[in-house]
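Please examine the sequence and the structure shown below before reading on. The report that follows treats each chain in turn and then the place where the chains meet.

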Amino acid sequence: MSAFDNSIQGLRETFRRDQVWPFLAPEQAAKIDVSNQMILYVEGLNLSFDGFKALNDLNLYVNDGELRCLIGANGAGKTTLMDVITGKSKPDAGSVYFGQTHNLLTKDEADIAQLGIGRKFQKPTVFEEQTVFDNLELSLKTDKRVLPTLFANLSPSEIDRIDEVLAIIGLKQQRFMKAGALSHGQKQWLEIGMLLVSDPRLLLIDEPVAGMTAQETERTAELLTSLAGERTVIVVEHDMEFVRSIARTVTVLHQGSVLAEGTMDQIQSNKDVIEVYLGEEAVEA
Amino acid sequence: MSKLINWFSEGRSSGKYTLPFVILLLAVTVLASAANLLLPQDSALYVSTYSITLLGKYLCYAMLALAVDIIWGYCGILSLGHGAFFALGGYAMGMYLMRQIGDRGVYGHPILPDFMVFLDWQELPWFWHGMDQFWFAMIMAVLVPGLLAFVFGWLAFRSRVTGVYLSIMTQALTYALLLAFFRNEMGFGGNNGLTDFKEILGFDLQSDSTRVSLFIITAVLLAVVLMLSQRILSSRLGKVTLAVRDAEARTRFIGYRTERYKVWLFVYSAVIAGVAGALYVPQVGIINPGEFSPINSIEVVIWVAVGGRGTLIGAIIGALLVNYAKTRFTAIMPDGWLFALGALFVLVTLFLPKGLIGLYGQLKSKRQPASSQEVTS
């Protein structure tokens with residue numbers, strides 16, 4: 001076959017009438033397919049920074065509506081895993097699916113956030129120069145393109161939604177205070193509130209009780225357990241007491257891969273885990 | 001208690017001074033214009049045409065400062081190259097004014113501007129066509145800076161260049177344009193730039209009434225731009241802008257494509273700078289590559305810092321005050337001005353991080369806490 005025939009063949013292939021060009025195809029529906037009761041599929045994830053394997057063939061499956069705790073020593077890959085799920089880092093290999101249809105690796109942070117994956121940072125990050133109310137308004141589930149944002153108005157139902165969340169996170173009194181003036185614990189709560197107000201399907205929460213008083217920690221535990229069921233929550237935490245108080249299923253990460261998974265009791269009696277993680281703590285204590 | 005919080009947070013919104021400021025600005029404009037046109041020259045209240053032009057020039061600078069403040073004060077993008085957009089707007093106006101000269105130039109060529117005749121060019125370069133139409137030139141004054149800002153912003157913000165690296169790039173941008181416009185082959189008059197303008201839309205540029213009209217138009221446009229910007233920045237888009245400034249990653253993770261916001265705000269700001277440049281040239285009577293000089297752009301940043309970044313009125317006040325001081329200082333001690341400017345910047349950065357507007361706020365809150373505490377407790 002000549003080169004000419006080849007190119008003709010290529011053209012025919014391109015202009016086949018029984019298919020639609022990818023860029024013309026309608027946007028994939030935003031619906032999240034959880035018919036297998038599974039909301040997050042992380043498979044064979046590898047990511048290395050300058051030779052250091054931050055993620056090493058990591059596999060993780062999270063059920064829809066589950067409250068999952070991720071624990072692991074520093075450098076075990078917890079935060080890196082969150083970075084990959086939320087689109088901040090791209091892995092060298094592997095796949096991450098949200099529901100059965102949404103390939104998260106092809107999307108950027110904004111897309112992933114709009115799909116309904118909310119993330120709380122390790123260090124509480126709120127918009128300090130703006131009021132608590134504005135912080136929540138910005139986080140509402142709305143059209144977040146430039147022009148619609150310019151002409152956006154708060155609808156009564158959105159105000160109700162913000163009030164509802166303000167009640168949940170206990171910041172009703174502080175609604176018109178600048179977020180920068182809040183205490184550390186309150187900022188943590190506000191950040192969780194910012195996730196809640198956007199009505200997410202999956203919440204990734206990095207160290208929610210760092211720097212909180214015992215009382216605040218208790219309330220946070222209540223809040224997170226109440227969220228599970230309707231939403232899926234993944235919590236990264238160092239505070240073992242806290243993990244024990246909320247967790248149904250715990251996943252232990254070690255050197256970029258999953259070391260063990262199970263209930264808190266199973267984990268605590270797991271030999272490997274005792275050796276690499278709890279063991280160290282026990283020795284220290 | 002909550003009512004009190006409510007009231008305070010309303011009082012904090014920066015928009016409430018905008019309308020009084022606009023009224024003040026327009027009132028001064030009308031009074032100064034009337035004093036120039038209606039009063040006899042020997043009257044004590046007469047405002048000279050020189051002063052009117054000077055005021056018009058200050059207002060153009062104020063508009064440029066406003067443009068820089070929008071992206072620096074509100075979005076945290078420190079542009080050290082905004083003079084480039086200002087100069088491009090100015091060149092568009094300059095080209096129109098150049099074509100208006102017609103055959104009244106030194107060489108008397110009916111179409112070619114003097115410098116082209118001097119360079120022995122035979123015909124008009126393609127980009128000079130259409131510039132004899134005022135509307136076309138004005139579209140260019142807005143379009144060219146806007147387009148450059150779009151391309152630059154799209155490349156820079158999409159690659160997530162931020163902070164000092166971005167500032168250096170903007171500086172390089174304006175410096176590159178400076179070098180390019182210095183070249184005679186570019187067709188913009190080389191280092192002499194464009195000058196010797198005669199009239200605008202048929203009105204003599206030297207006459208008092210034209211000068212006063214230009215001054216009034218500048219003041220009105222400044223007021224319009226101020227109110228429009230205030231409106232934009234108090235919308236939800238303004239809140240997103242502040243969010244990008246304070247915590248860009250957070251903003252991205254709640255679903256905003258921050259680079260798009262930054263690009264459009266950058267374009268908006270560049271267009272304002274272009275308009276300011278276009279108003280500046282007929283009043284000053286010349287545009288040359290010196291306007292692209294990086295030092296000019298840095299000066300703008302100082303005006304904004306002095307006035308108070310993150311407050312639109314602050315930027316305007318800063319530009320007016322510093323330029324007035326410059327006019328005075330350079331008359332008394334021409335060599336000292338740059339030192340004074342440098343000292344001013346250091347002092348403002350150290351002692352007035354929020355500029356003069358911030359100082360006003362500090363003085364006000366110093367008197368208030370005592371009384372507000374009583375009410376709270």
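## Chain B: secondary structure and overall form

How many helices and strands make up the secondary structure of chain B? In this predicted model, chain B has 16 helices and 4 strands.

The chain consists of 377 residues, and 42% of them count as buried. Its C-alpha atoms occupy a box of roughly 80 × 60 × 40 Å along the principal axes. Does the radius of gyration of chain B agree or disagree with that of a compact globule? A compact globule of 377 residues would have a radius of gyration near 21 Å, and chain B has 22 Å, so the two agree.

## Confidence in the model

For the complex, the predictor gives an ipTM of 0.84 and a pTM of 0.88. In chain B the mean pLDDT is 90, and 93% of the residues reach 70 or more. Over residues 3-13 of chain B, however, the pLDDT is below 50, and this stretch has 7 contacts in the model beyond near neighbours in sequence.

A further stretch of this kind is found at residues 370-377 of chain B, where pLDDT stays under 50. For these residues the model has 2 contacts beyond four places in sequence.

## Chain A: secondary structure and overall form

Chain A contains 11 helices and 10 strands. Along the principal axes, its C-alpha trace spans about 75 × 55 × 35 Å.

What share of the residues of chain A counts as buried? Of its 285 residues, 41% fall into this class. Contacts between residues 24 or more positions apart form 67% of those in chain A with a separation of 6 or more.

## Where the chains meet

Note on methods. Residues are numbered from 1 along each chain as its sequence is written. Chains are lettered from A and ligands numbered from 1 in the order in which they are written. This is a predicted model: local features need pLDDT of at least 70, side-chain atom pairs count only at pLDDT 80 or more; totals for chains, interfaces and linings use all residues. pLDDT is the predictor's confidence in each residue, from 0 to 100. Helices (H or I, at least four residues) and strands (E, at least two) are DSSP runs, numbered from the N terminus. A residue is buried if 20 or more other C-beta atoms lie within 10 Å of its own, exposed if 12 or fewer, and partly exposed in between; C-beta atoms are placed from the backbone. The radius of gyration is taken over C-alpha atoms; the globule rule is 2.2 Å times the number of residues to the power 0.38.
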